Structures are given as C-alpha cells and as structure tokens.
Amino acid sequence: MAEIGKDIARAKHLLENDDVVGIPTETVYGLAGNALSENAILKIYSVKNRPKFDPLIAHTNSLDKVKNMVRDVPEKAAQLAEAFWPGPLTILLNKKPEVPDLLTSGLDRVAVRIPNHPLTIELLTELEFPLAAPSANPFGYVSPTSAKHVNDQLGDQIQYILDGGQCHIGLESTIVGFEGDDVVIYRLGGTRVEAIEDVVGKVRIQVNESSNPAAPGMLKSHYSPGRKMIIGDIAENLKGMNSKSTGVLSFQTTHDVPEQNQVVLSPSGDMDEAARNIFAALRRMDQPHIEVILAEFVPQEGLGKAINDRLRRAAV
Ligand code: TXA
Ligand code: MG
C-alpha cells in the first residue's frame with residue numbers, strides 16, 4: 001500500500017525523480033508525474049493501464065507557466081482563464097514543440113489546467129515543471145475523490161499519496177477548446193456550461209460518445225463500477241427485481257431496497273452535493289452481492305449535465 005500524508009517535500013522529491021504521486025485537486029485525485037519527462041509519462045500510462053492514444057492534462061499554478069507550454073493564448077482563452085482559474089476548467093491550446101508528443105498523444109493541442117487545491121498549488125509552486133495528471137484510477141474505472149480511493153486501487157503501484165481530504169467538486173474538469181470562432185466543450189465537468197457562456201457567449205457542446213481513439217475527449221464507456229446499470233424511473237425498474245442484489249442511486253430513500261444497497265446523492269436535490277457524492281456512490285455499488293444498479297437522470301441544469309454524462313457512460 002502507498003503511504004498517505006501531507007509531506008510536500010516528499011512528493012516533490014519523488015516527482016523530481018520521474019516517479020508518480022497521487023495528488024488532490026478540487027475535482028478528483030490525480031496520478032501526477034513530470035509532464036515534460038517521457039519516463040514519468042510512461043509510468044503514468046503504465047500504472048493506470050491506460051492506452052497511449054488518450055492524452056493527459058498538464059497542471060500548473062500560473063498563467064506564466066502555462067505560457068511556457070503553449071504557442072499562444074487566444075483572447076477567449078485568456079478570458080476563461082481569468083474567470084475560472086484556479087478551478088475545474090481545462091483549456092486546449094496549441095502546444096510548443098518542447099511539450100512531449102507522448103503527453104498529447106501526438107495531437108497539436110495540449111490540455112492545461114490550474115487546479116484549485118491549496119496543497120497541490122503549493123506543490124506546483126515549488127516544482128520547476130508542470131504535472132501531467134489523469135484521474136488516479138485504473139483506466140475505465142470510476143474516478144477517485146479521496147486519498148483512500150486512490151490507495152484502494154493503485155496503492156500497490158505507487159509510493160505516496162498527498163492527502164487533501166475529500167474533493168470539493170467531485171467531477172472532473174470541463175474541457176474547452178477553440179475551432180475557428182467556435183468555443184467547443186469536449187467534456188462536461190465541474191465548470192458549468194452556463195457560467196462559460198456568461199464569459200464567452202454561446203458554446204458548442206461536442207461531447208465525444210464514440211470509441212474513436214483519434215477524437216479528443218472521453219471514451220463512450222467509462223466510470224464503470226463493473227455492474228449492469230439501468231437508468232430510468234427507479235420504482236418502475238425495481239418491479240420484478242431481486243431487491244437484495246439491486247443497488248440504487250437516487251435522491252430519496254427507496255424503502256423496498258436494503259439500506260446498504262442504496263446511496264442518496266443529495267436529500268435536498270442539490271446538484272453540487274450530488275456531484276460531490278456520485279463517484280463515491282458508484283464505488284459503493286461495487287460490492288459482490290450487487291448485480292444491477294438502478295439510477296435516474298437529473299435535470300439538465302448546472303452540474304446536472306455533467307452528472308447525467310457520467311451516469312450515461314457508467315451505464316454503457
Ligand atoms: O479534473 C480533471 O481534469 C482531473 C484532475 C486530476 O485534474 N483529470 C482528469 O484527467 O480528468 P483524465 O486523464 O482522467 O481525463 C482527461 C481527458 C481525457 O479524456 C483526454 O482524452 C482529454 O482530457 N485530453 C487530454 N489532453 C487532450 C488533448 N490534447 N486534446 C484533446 N483531449 C485531451
Ligand atoms: Mg479519467
């Protein structure tokens with residue numbers, strides 16, 4: 001198992017030696033390594049068992065450091081950076097040649113983000129290089145929102161996890177890029193579409209739902225808790241099911257199902273709270289006696305869009 005603690009010097013030392021470290025962010029925990037080192041990047045891909053056609057996000061702590069990685073920062077990107085960084089927004093920008101192709105899977109753009117977590121900001125401030133950090137889960141599995149989640153799955157392969165407590169947002173960053181005059185959202189996430197449109201006007205949502213590895217964004221099947229998942233009216237879908245082997249993710253207690261089989265995402269229907277809880281809830285469904293998971297979509301507003309996106313992918 002990995003060691004869990006708040007020792008920034010230890011994390012820094014490991015990272016400076018091309019090792020990987022679990023780091024907290026406000027969205028989900030990341031599996032971090034030197035974004036400019038091919039050895040460190042290879043280690044990330046290997047620990048996650050992630051195909052190299054799925055590129056990584058580079059994290060840093062200042063716009064100046066972002067500028068070291070990219071050829072230019074278009075006006076709308078600067079406006080988004082100003083409005084949302086540090087925070088749950090990743091921006092795709094044209095990369096400089098010195099950014100390794102391995103980081104971007106050979107694409108011309110690099111994904112960059114300034115995360116909003118005090119421990120990780122401190123770490124990034126002390127480092128001479130940006131950190132590549134995908135979510136710290138095995139490829140295809142649910143993202144981790146606590147140090148324990150990281151340890152449960154990757155603890156045998158990594159030495160250290162910086163403990164920043166439970167993630168405040170609980171969903172990955174929103175990914176945005178530019179195509180001509182269009183602002184395009186490639187992944188729905190912790191920054192609301194509505195908030196982005198307040199800054200740069202109408203956006204195009206182009207959330208990748210294919211398994212086409214050449215296309216940016218996410219694969220169709222993801223966040224899988226390893227169970228069959230059915231999304232729709234819970235009471236209706238529960239009819240005829242064996243409630244003992246059925247898990248339920250909902251907004252209110254379902255009395256016909258054993259308590260340990262259910263998670264109420266937010267009793268008051270608050271989407272921010274539901275977002276914070278959704279990945280831990282999917283993990284809880286990963287119990288041997290649970291065969292089917294029932295869940296329902298939430299209103300397509302605010303973080304509801306991203307929650308529905310994750311549910312849809314978990315159900316594939
Ligand atoms: O909130 C987050 O973004 C978390 C935390 C740790 O920062 N990170 C995260 O990384 O979710 P990951 O690797 O699990 O998801 C990154 C997504 C992938 O779907 C990848 O395809 C896309 O970002 N991506 C990365 N670089 C890209 C690029 N150059 N062009 C297009 N898509 C890119
Ligand atoms: Mg991920």
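Let's start with two helices: H1 (residues 8-16) and H6 (residues 118-126) pack at an angle of about 50°, and their axes lie 10 Å apart. Axes here are lines fitted to C-alpha atoms, for helices over the stretch in contact, and angles run from 0 to 180 degrees between N-to-C directions. H1 and H6 are therefore oblique to each other (under 35 degrees is roughly parallel, over 145 roughly antiparallel, 65 to 115 roughly perpendicular, and the rest oblique). Helices (H or I, at least four residues) and strands (E, at least two) are DSSP runs, numbered from the N terminus.

This is a predicted model, where local features need pLDDT of at least 70, side-chain atom pairs count only at pLDDT 80 or more, and totals for chains, interfaces and linings use all residues. Residues are numbered from 1 along each chain as its sequence is written, chains are lettered from A and ligands numbered from 1 in the order in which they are written, and side-chain values use heavy atoms, leaving out hydrogens and water.

Now for the sheet. Four strands form an open sheet with parallel pairing, in the order S12-S15-S13-S14; two strands pair if DSSP finds at least two bridges between them. At the edges are S12 (228-231) and S14 (262-264), each pairing on one side only. From one strand to the next, the twist averages 15°.

Look inside the sheet next: S13 (residues 246-250) and S15 (residues 292-295) pair in the parallel sense over four bridges. Here Gly 247 stands opposite Ile 293 in S15. Helix H11 (residues 304-314) packs on the sheet and touches S12, S13 and S15, where contact means heavy atoms within 4.5 Å.
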